Amino acid sequence: MKIMKAGKEGMALIFHSGSYDRIYHGLSIALAALALGRETRCFFTYWALEYVKKDRGPDLQLNDEGKAQEKLIRKSIADGHILNVKELLSQLKAMGGKVYACSSSMGLLNISRDELTAEVDKSMGLTTFLTETKNSQILFI
Amino acid sequence: MKEIETEGGRIIVDETVDAVGLFCPMPVVKLKLEMEKLEPGNIVELLADDAGVLEDLPAWCRETGNILLSLKKNEEGVFTAYVKKGQ
């Protein structure tokens with residue numbers, strides 16, 4: 001009974017930043033929610049879209065805040081303490097998390113559906129995302 | 001499978017999940033993935049050194065209906081937990 005109840009409380013995350021530290025933390029929240037048995041949906045928009053492209057750029061893109069700790073972050077990834085985005089995304093999919101791409105950001109950044117990885121379940125607008133996540137907590141990353 | 005002596009008596013451990021070196025939330029994520037493969041009543045041994053498990057593991061068990069049999073930290077700072085899969 002408990003598990004069924006928890007399944008109705010979903011988690012929704014809107015990934016906007018392309019900075020690794022933010023994406024890492026957002027995906028960690030998503031994984032924790034999935035581990036608790038909650039439906040989890042991730043919406044990738046703007047600079048975060050880069051991470052769901054087939055020819056994605058460097059896995060460790062950092063904003064100014066993150067750059068100050070770049071050495072520490074690189075070491076933690078190299079030592080296997082924290083996962084890179086690619087690994088986190090495949091973990092997310094293995095646990096049943098959904099990945100969506102923002103259709104208007106794709107238009108703005110001139111990215112076609114074919115350029116996105118197979119991890120992306122579908123592309124959609126915010127209205128669709130908000131109807132799908134009506135019973136979810138929404139976080140903007 | 002192995003037999004372990006805990007404060008609550010002897011238990012049979014079906015699987016071990018080694019999450020040593022991994023940060024939150026990976027110990028719980030790996031445990032959840034392993035649990036999915038098992039039957040109710042099966043017991044998993046979890047090894048982790050992220051101090052978060054001390055609070056996270058009981059919380060995860062409460063919400064998911066699994067049973068935390070024991071959770072202990074050794075001298076090297078590694079936590080060993082035994083979790084029984086709930087119904």
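Helices here are DSSP runs of H or I of at least four residues and strands are runs of E of at least two, both numbered from the N terminus. With that settled, I opened the predicted model, where local features need pLDDT of at least 70, side-chain atom pairs count only at pLDDT 80 or more, and totals for chains, interfaces and linings use all residues. For my own bookkeeping: residues count from 1 along each chain as its sequence is written, chains are lettered from A and ligands numbered from 1 in the order written, and side-chain values use heavy atoms, leaving out hydrogens and water.

**Entry: a cis peptide in chain B**

I began in the loop of chain B between β3 (15-19) and α1 (26-36), where B:Pro25 lies. The peptide bond from B:Cys24 to B:Pro25 is cis, with omega at about 5 degrees. I noted beside it that most peptide bonds are trans, and that most residues other than glycine have a negative phi. A:Tyr46 sits in the loop between β2 and α3 (64-67) of chain A.

**Entry: the chain A sheet**

Next I traced the open sheet of chain A, in which 5 strands run in the order β4-β3-β2-β1-β5 with parallel pairing; I count two strands as paired if DSSP finds at least two bridges between them. β4 (122-124) and β5 (136-140) of chain A each have a single partner strand, so one side of each has no neighbour in the sheet. On average, neighbouring strands here are turned by 25 degrees against each other, direction ignored. My angles run from 0 to 180 degrees between N-to-C directions, with axes as lines fitted to C-alpha atoms, for helices over the stretch in contact.

Strand β1 (residues 10-15) of chain A is joined to β5(A) by 5 bridges, and A:Gly10 has A:Ser136 as its bridge partner there. Helix α2 (residues 20-35) of chain A lies across β1, β2 (40-44) and β5, at about 165 degrees to β1(A). Helix α5 (residues 85-94) of chain A lies across β2 and β3 (98-102), at about 120 degrees to β3(A).

**Entry: the hairpin in chain B**

In chain B, 5 bridges join β1 (residues 2-6) to β2 (residues 9-13), and these two run antiparallel. They form a hairpin with 2 residues between the strands, and B:Glu5 stands opposite B:Arg10 in β2(B).

**Entry: where A meets B**

How many residues does each chain bring to the contact? I found 19 from chain A and 14 from chain B. The buried area (accessible area lost by the two parts on being put together, 1.4 Å probe, summed over both) is about 1,400 Å², and carbon and sulfur atoms give 64% of it. A:Ala35, A:Leu36 and A:His81 supply 33% of what chain A buries against chain B, more than any other three residues.

I counted 1 salt bridge between the chains, with the rule of a Lys or Arg side-chain nitrogen within 4 Å of an Asp or Glu carboxyl oxygen. B:Glu63 and A:Arg38 make it, their closest N and O atoms being 2.8 Å apart. On the side of chain A that touches chain B, α1 (2-7), α2 and α5 each supply at least two residues, and the largest share, 6 residues, comes from α2(A).

Key:
Contact means heavy atoms within 4.5 Å.
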